[in-house]
Amino acid sequence: LRSAAKALERSGFEVVVSSSPGAVRSARAIVVPGQGHFRQVVENFEASGFKKPLLEAIHAGVPLLGICVGMQLLFETSDEAPGLEGLGLLGGHLERFETHHPVPQMQWNTLERVGDSPLMRNLPDQPFAYFVHSYFVNAQTPVSSGAITDYAVPFWSVVSQDNIHGTQFHPEKSQAVGLKMLANFREFTLERG
């Protein structure tokens, strides 16, 4: 949380870290970082009272950025927690890597641009980002734009759909590329008014 907040500040955001669901109502943009198990994140999110004001803000057009498990939370379900629903803001299901490669994927990997995601603007071709994850959104899942990464199977590493955005990797640990993506999210927020 601290490293994400610092990276957002370096990217020009005025950051308010809050455990109060009421703070969502005055936010011009919302960042949902996530770390750990899908079930733990979903249950804590619901128990804390953030779900309802967050959904209201998103439906009102407030820009959202989900990071790592925060991105996974945007989808409907995950193999990591069968029977438990995510926010369902994006259609799709998270699968676990079944590969001869080490799991979790814990490495730098490339991003292959798809469409015109605001997060990917003014980045070089196939930039590198730092990943730590065992679950993924299959590249066959319909998403408007973003980036695809390959780790024995192609998966969405960046998603953008209307005001909803996510990164499967950690932008705060992805050096200049990650900071540029956070700055791009800030620009998107300013464009939205």
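**Burial.** I looked up burial for the chain and found that 51% of its 193 residues count as buried. I note at the outset that this is a predicted model.

**Overall dimensions.** I then compared the chain with the expectation for a compact globule. With 193 residues, such a globule would have a radius of gyration near 16 Å, and the chain has 15 Å, which agrees. Taken along the principal axes, the box filled by the C-alpha atoms is roughly 45 × 40 × 30 Å.

**Surface and charge.** I recorded an accessible surface of about 9200 Å² for the chain. Carbon and sulfur atoms hold 49% of that surface. I also looked up the charged side chains, of which 15 are positive and 19 negative. The centres of the two sets lie 9 Å apart.

**Secondary structure.** I found five helices and 11 strands in the chain.

**The sheet of β3, β4 and β8.** I followed three strands that form an open sheet with mixed pairing, in the order β3-β4-β8. Strands β3 (77-78) and β8 (135-137) stand at the edges with a single partner strand each, so one side of each is left without a neighbour in the sheet. I looked up the contact between β4 and β8 in detail: β4 (residues 93-96) runs antiparallel to β8, and three bridges join them.

**Strand β9.** Which strand is largely enclosed by the rest of the structure? I found that this is β9 (residues 145-150), because five of its six residues are buried. I counted a residue as buried when its relative accessible area is under 20%.

**Partners of β9.** I looked up the pairing of β9 with two strands. Strand β6 (residues 112-114) runs antiparallel to β9 and is joined to β9 by three bridges. Strand β10 (residues 154-161) is also antiparallel to β9, with six bridges between them. I traced Ile148 of β9 through both pairings: Ile148 is the bridge partner of Glu112, and Ile148 stands opposite Trp156 in β10.

**The turn between β9 and β10.** I ended with the hairpin of β9 and β10, in which three residues lie between the strands. In this hairpin, I noted that Ala152 takes a positive phi near 70 degrees.

How values were computed. Residues are numbered from 1 along each chain as its sequence is written. This is a predicted model: local features need pLDDT of at least 70, side-chain atom pairs count only at pLDDT 80 or more; totals for chains, interfaces and linings use all residues. Side-chain values use heavy atoms; hydrogens and water are left out. Two strands pair if DSSP finds at least two bridges between them. Helices (H or I, at least four residues) and strands (E, at least two) are DSSP runs, numbered from the N terminus. The radius of gyration is taken over C-alpha atoms; the globule rule is 2.2 Å times the number of residues to the power 0.38. Buried means under 20% relative accessible area, exposed over 50%, partly exposed in between (1.4 Å probe, protein chains only). Accessible areas come from the Shrake-Rupley method with a 1.4 Å probe; for residues, only the protein chains shown count as cover. Lys and Arg count as positive and Asp and Glu as negative; His and the chain ends are not counted. The place of a charge is taken as NZ of Lys, CZ of Arg, CG of Asp or CD of Glu.
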